[in-house]
Amino acid sequence: MDCIFCKILNGEIPSYKLYEDDNVLAFLDITQGTKGHTLIIPKNHVKNVYELDKKTAEDIFRVVPNIANALKKAFNPIGLNIVNNNDKPLQSVFHFHIHLIPRYEEDGAIISTINNYGKFDNEYFNELTLKIKENLNK
Ligand code: AMP
Ligand code: ZN
């Protein structure tokens with residue numbers, strides 16, 4: 001399979017490994033968007049969050065606090081963002097991954113949404129709630 005992260009996992013291409021267990025690998029993101037920018041991936045190839053099974057989700061997320069704390073101790077950031085992109089055009093590597101992005105004063109990173117507080121009425125919120133809930137697996 002032509003997947004760059006599977007190639008990292010099977011040693012075909014190099015990476016800066018930070019943490020590894022039976023199910024998960026964490027390594028430095030090659031672009032280093034900020035100092036310590038890290039990716040966490042499952043060892044089984046899963047395209048994105050829509051295909052993530054519960055077991056794999058658990059395997060990945062259980063290591064997040066350890067790595068986040070290591071980044072905090074190592075670099076003393078002012079904060080840390082956890083980002084996960086799904087589907088084009090947001091996602092560029094189609095092997096599920098979580099970005100851990102330590103944040104620093106004036107680091108130039110832009111990770112934000114627009115603040116729409118006060119723009120929508122109760123009816124709109126109720127509509128959204130209903131729509132999402134009717135699509136959840138029970
Ligand atoms: P996304 O846009 O969420 O799919 O992000 C994919 C990330 O993978 C980007 O931040 C890339 O910098 C990173 N990336 C791509 N190839 C490599 C590689 N060989 N080693 C480390 N990180 C990589
Ligand atoms: Zn893969």
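Modeller: What covers the buried residues of helix H2 includes strand S2 (24–28), strand S3 (38–42), helix H3 (64–75) and strand S5 (98–103); contact means heavy atoms within 4.5 Å. Helices (H or I, at least four residues) and strands (E, at least two) are DSSP runs numbered from the N terminus. The model is predicted: local features need pLDDT of at least 70, side-chain atom pairs count only at pLDDT 80 or more, and totals for chains, interfaces and linings use all residues. Side-chain values use heavy atoms, without hydrogens or water; residues are numbered from 1 along each chain as its sequence is written, while chains are lettered from A and ligands numbered from 1 in the order written.

H2 spans residues 54–61, and Thr-56, Asp-59 and Ile-60 are buried in it (under 20% relative accessible area; exposed is over 50%, partly exposed in between; 1.4 Å probe, protein chains only). These three lie on the same side of H2 because they cover an arc of only 95° around the axis, taken from the directions from the helix axis to the C-beta atoms. The face turned away from that side carries exposed Lys-54 and Glu-58.

The loop between S3 and H2 holds His-45. Its ND1 is one of the protein donors of the zinc ion (ligand 2), alongside Cys-3 (SG), Cys-6 (SG) and His-95 (ND1), at 2.0 to 2.3 Å; donors are N, O and S atoms within 2.8 Å of the metal (3.2 Å for Na, K and Ca), and since water is not among the atoms, sites may look incomplete. His-45 is partly exposed at 33% relative accessible area, whereas His-95 is buried at 0%.
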